[in-house]
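Thanks for making time this morning. I would like to take you through one model slowly, so please keep the picture open while I talk.

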Amino acid sequence: MLNDTLKKQLGQYLQLLEGDVVITASTDDDKASKDMMELLNEVEEMSSHIILKEASLKRTPSFTLSRPEEEARITFAGVPLGHEFTSFVLALLQVSGRAPKEEQSTLDQISKLDQPLHFETYISLTCTKCPDVVQALNLMSVVNPNITHTMIDGAVFREESKDIMAVPTIMLNGEEFGSGRMTVDEIVAQVGGGLDTEELNAKEEFEVLVIGGGPASAAAAIYAARKGLRTGMVAERIGGQVNDTAAIENLIGIKETTGPALSQNLAEHIRDYEIDVMTAVRVSDVNKVNDIVEVELENGAKLTSKTLIIGTGAKWRNMNVPGEEEYKNKGVAYCPHCDGPLFEGKRVAVVGGGNSGVEAAIDLAGITEHVTLLEFGESLRADAVLQERLASLPNSEIITQAATKELTGTDKLNKLTYTERHTGEEKSIDLEGVFVQIGLVPNTEFVGDKVARNERGEIIVDRNGATNVPGIFAAGDCTDQTFKQIIISMGSGATAALSAFDYLIRH
Ligand SMILES: Cc1cc2nc3c(=O)[nH]c(=O)nc-3n(C[C@H](O)[C@H](O)[C@H](O)COP(=O)(O)OP(=O)(O)OC[C@H]3O[C@@H](n4cnc5c(N)ncnc54)[C@H](O)[C@@H]3O)c2cc1C
């Protein structure tokens, strides 16, 4: 079941087990059960701390992990290989008693949750953002006995997951709770935990307050802290868009990495410094009052700082056509790397003929039955090499001058209607998925007209990252910098922090 490299790695990890772990497996004669037992037998052979038992559980094949004499709170339904192998290994270590790496404040917030919370997460083994959710919910189950979590591989439990059109999809106590990548902090905030407003209000004034958790903000916060400045960071989530990226091959000095791995590295690097990190909370307003910046949070709390660095990045642009909102996660998707595998053998469309749209179409042509690429303009805007590659694929079609008008369906999307712009004729395509690839919008609405923005909503900065308001700086994809890339965002975050330091020593 495991190749020699994986076996070796697993053997090393299993040496870190701190106590006994009971694995209770539910099996039948199917191949998936046999694969699961092969994996579990190998694990049992590798460590004397593993006790393997069999019993009948709610789903077959599945297995639970528990400490001896304790009720099991973590279940894997399916075989946790692929991207979930790490989730399995981490769960073994945490159930054995090994301390998790999370901030103590996060662990305290999890412990305080006093309602029974039974989570189930539908995943696919090729999904790169699913392990984050599985690991977050497993951790919560280890920390708090009120919480249980079951990972369900949709490919094994097809009937049960037939209506799931995006992974991960998280259910809480039988109701849909969320989909897409979520961090522990976000989940805790959504179930009623989260940062305490009074504690936030009581915080001392910062010298540098950074808003955002992507590469720009991480660089800004680390640079500010290294200057010995009292630094705070308010971020909806650490990693930003990097979380949605599969492979990264252009972060110079690191030949190849993945989005989740880089996010994890950013979080660990931030943790090495005295930075007051406040996650799973959004900023809703910014005001400069008598040389001090006041920052309001969506939970009503207020923070103050001598300087502010805005690094709030960007998010996928919506088409804003009827049906887009209604069919989100029921056919409408934005991340081809993440959700592409769910459309295996189906007919899909990609809206947008720039580099990301054409790349998405090429990607999807390898998985789906057929891809139609719709471009609003007269020709595609992607690099010639990408256009040629797409045109060479037999199961793809390119339609230019197409204005998407409406998405319709029943409980799931089944039709896209567009207007042929040169004839005015209305046409439709029968399909099951639409990937929207029409660019990004900056996350800057919250600054309103208090900081100057251009017509695209990007914050206008000079070459030092300074905005039109003294003491307020901005960096990364939320600014009018020409190119939007990780390394560029990190550089601009560092520049903004050094400029804030310069501002502070002069004021
Ligand atoms: C699918 C995909 C693939 C990509 N691939 C690559 C690649 O291979 N190489 C490369 O160099 N670049 C790539 N990029 C671009 C790169 O990810 C971005 O340029 C980079 O992440 C921008 O960093 P940032 O810190 O400016 O913003 P972001 O990464 O967008 O981070 C912004 C942060 O701010 C938070 N935030 C937003 N609003 C608020 C608020 N009101 N309050 C608090 N927090 C808030 C967000 O949650 C987020 O944490 C890719 C982007 C995408 C979407």
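Let me begin with Thr75, which is found in strand β4, where a strand is a DSSP run of E with at least two residues, a helix is a run of H or I with at least four, and both are numbered from the N terminus. Please keep in mind that this is a predicted model, in which local features need pLDDT of at least 70 and side-chain atom pairs count only at pLDDT 80 or more, while totals for chains, interfaces and linings use all residues. Residues are numbered from 1 along each chain as its sequence is written, and side-chain values use heavy atoms, with hydrogens and water left out.

Is Thr75 buried or exposed? Its relative accessible area is 17%, so Thr75 is buried, given that buried means under 20%, exposed means over 50%, and partly exposed lies in between, with a 1.4 Å probe and protein chains only. If we set aside residues up to four places away in sequence, Thr75 touches Ser62, Phe63, Thr64, His149, Thr150 and Met151, where contact means heavy atoms within 4.5 Å. Gly19 is 56 residues away from Thr75 along the chain, and their C-alpha atoms are separated by 19 Å.

Now to the sheet around it. Eight strands form an open sheet with mixed pairing, in the order β2-β1-β3-β4-β6-β5-β7-β8, and two strands are said to pair if DSSP finds at least two bridges between them. Which strands stand at the edges? They are β2 (50-54) and β8 (175-179), and each has a single partner strand, so one side of each is left without a neighbour in the sheet. From one strand to the next the twist averages 20 degrees, with axes taken as lines fitted to C-alpha atoms, for helices over the stretch in contact, and angles running from 0 to 180 degrees between N-to-C directions.

Strand β1, residues 21-26, runs parallel to β2 and is joined to it by five bridges, and within this pair Val21 stands opposite Ile50. Helix α2 (residues 31-46) lies across β1, β2 and β3 (62-66), and runs at about 150 degrees to β2. Helix α3 (residues 85-95) also packs on the sheet, where it touches β1, β2, β3 and β4 (74-77), and its direction makes about 30 degrees with that of β3.

Helix α3 is also the place of Gln94, which counts as buried at 10% relative accessibility. Apart from its neighbours within four places in sequence, Gln94 is in contact with Arg67, Pro100, Leu139 and Val142.
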